[in-house]
Amino acid sequence: LSAADIMTKSPLKIDKSCLAIDALQMMEQNTKGQVTVLPVISSSENEKILGFLRLHDLIQEGFS
């Protein structure tokens, strides 16, 4: 089994300029399955991954 066999071919991702509410809505409205982590990408054309946004962190910050 290779990584290509199990990877998501076109994952959801979010731009660094988006708000937390946008990320939460994207995670909730995904019809292909549960999303708990979104890659955060740069605004440039190369879409460099800057980090990851976890649903757990969004919820935790919302209640603090």
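Where is the place of E28? Select E28 and you land in helix α2; helices (H or I, at least four residues) and strands (E, at least two) are DSSP runs, numbered from the N terminus.

Before moving on, note that this is a predicted model, in which local features need pLDDT of at least 70, side-chain atom pairs count only at pLDDT 80 or more, and totals for chains, interfaces and linings use all residues. Residues are numbered from 1 along each chain as its sequence is written, and side-chain values use heavy atoms, with hydrogens and water left out.

**Stop 1: E28**

Show the surface around E28: its relative accessible area is 61%, so this residue is exposed (buried means under 20% relative accessible area, exposed over 50%, partly exposed in between, with a 1.4 Å probe and protein chains only).

**Stop 2**

Next, color the strands. You will see an open sheet of three strands in the order β1-β2-β3, with mixed pairing (two strands pair if DSSP finds at least two bridges between them). At the edges stand β1 (14–15) and β3 (49–54), each with a single partner strand, so one side of each has no neighbour in the sheet.

Zoom in on β1 and β2: they run parallel and are joined by two bridges, and I14 stands opposite V40 in β2. Then turn to β2 (residues 37–41) and β3, an antiparallel pair with five bridges. Here L38 stands opposite L53 in β3, while I41 stands opposite I49 in β3.

Bring back helix α2 (residues 20–28), which packs on the sheet and touches β1, β2 and β3. Contact means heavy atoms within 4.5 Å. The direction of α2 makes about 135° with that of β2; axes are lines fitted to C-alpha atoms, for helices over the stretch in contact, and angles run from 0 to 180 degrees between N-to-C directions.

**Stop 3: the core**

Which residues make up the largest nonpolar core? Select I14, A23, M27, V35, L38, V40 and L58, seven in all. Such a core is a set of buried Ala, Val, Leu, Ile, Met, Phe, Trp, Tyr and Cys residues joined through side-chain atoms within 4.5 Å. Both α2 and β2 give two or more residues to this core, and four of the five residues of β2 are buried.

Finish on M27: leaving aside neighbours within four places in sequence, its contacts include V35, L38, L53 and L58.
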